[in-house]
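Me: I've just opened this one and want a quick tour. Can you walk me through it?

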Amino acid sequence: MRHRLLFILSAIMLFAACETYDCTLYNYVGMYGAFYREGAAVSLNDTLTITTGKAGMVLLNSSVGTSKFNLPLSYWQEEDTLVFSVKGNGYFLRDTVWVAKTNLVHYEAPDCPSTLFHTIQEVRSTHEFIKDITIIRSSVNYEKTDNLQINLLTASD
């Protein structure tokens, strides 16, 4: 009887020592950006499509009235190429954006899948309709805050 009680107490202690970990399966790691003109946030009234450079995979398709966006970044490339295409009434503009970054494996627990966080190092563009791009927050992780401020050209530029 004594051994049985000792076994039951040991099992209770063992189960009490185990902890469950809530894996972040539904968290999204993506780069967030917003459009600005002359320091003020703006919405694009034209149709915006964003694709990857070489593969041409569509990341954002025919969005109208876009002021903000979020895009996934590649897992193992050190630089992503994004093509921003704007189609308006009688015109078509295309600007290529390169995002140089480092990739960091994020590990939470043995029962959870690992994810990849990124640190944006540099962003440049071809300046067709984008004046410049400011990195607001270089860390790309689970936080849903703007990483890039995309400043658009004005008619006087």
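This is a predicted model: local features need pLDDT of at least 70, side-chain atom pairs count only at pLDDT 80 or more; totals for chains, interfaces and linings use all residues.

**A quick tour**

Me: What's the relative accessible area of histidine 127?
Reply: Histidine 127 has 44%, which makes it partly exposed (under 20% relative accessible area is buried, over 50% is exposed and partly exposed is in between, using a 1.4 Å probe and protein chains only).

Me: What's the phi of histidine 127?
Reply: Histidine 127 isn't a glycine, yet its phi is positive, at about 60°. Glutamate 38 is another non-glycine with a positive phi, about 55°.

Me: And where does glutamate 38 lie?
Reply: In the loop between S1 and strand S2, which covers 40-41.

Me: Is glutamate 38 buried or exposed?
Reply: Glutamate 38 is exposed, with a relative accessible area of 69%.

Me: New topic. Which residues touch the most other members of the largest nonpolar core?
Reply: Met31, Phe35, Phe84, Ile150 and Leu152 do, out of 26 residues in that core. Eight strands each supply at least two residues of this core: S1 (31-37), S3 (44-52), S5 (68-71), S6 (79-88), S7 (91-106), S8 (115-125), S9 (130-135) and S11 (148-152). A nonpolar core here is a set of buried Ala, Val, Leu, Ile, Met, Phe, Trp, Tyr and Cys residues joined through side-chain atoms within 4.5 Å.

Me: Let's zoom in on phenylalanine 35. What is it in contact with, leaving aside neighbours within four places in sequence?
Reply: Phenylalanine 35 has contacts (heavy atoms within 4.5 Å) with Ala40, Ala41, Val42, Leu44, Leu48, Thr66, Ser67, Phe69, Phe84, Ile150 and Leu152.

Me: How are the C-alpha atoms of leucine 152 and isoleucine 130 separated?
Reply: By 4.4 Å, even though leucine 152 and isoleucine 130 are 22 residues apart along the chain.

Me: OK, now charges. How many salt bridges does the structure hold?
Reply: Four, where a salt bridge is a side-chain nitrogen of Lys or Arg within 4 Å of a carboxyl oxygen of Asp or Glu. One of them joins the side chains of lysine 68 and aspartate 146, with 3.0 Å from N to O. Lysine 68 is in strand S5 and aspartate 146 is in the loop between strand S10 (139-140) and S11, so this pair ties together parts that are 78 residues apart in sequence.

Me: In that pair, is aspartate 146 buried or exposed?
Reply: Aspartate 146 is buried, at 17% relative accessible area, whereas lysine 68 is exposed, at 53%.

Me: Which side chain meets glutamate 79 in a salt bridge?
Reply: That of arginine 124, at 3.3 Å from N to O. Glutamate 79 is in strand S6 and arginine 124 in strand S8, so the pair links parts that are 45 residues apart in sequence.

Me: What's the relative accessibility of arginine 124?
Reply: Arginine 124 is at 36%, so it counts as partly exposed. Glutamate 79 is also partly exposed, at 31% relative accessible area.

Me: One more pair, please. Which side chain meets arginine 137 in a salt bridge?
Reply: Glutamate 143's, with 3.1 Å from N to O. Glutamate 143 counts as partly exposed, at 44% relative accessibility.

Notes
Residues are numbered from 1 along each chain as its sequence is written. Side-chain values use heavy atoms; hydrogens and water are left out. Helices (H or I, at least four residues) and strands (E, at least two) are DSSP runs, numbered from the N terminus.
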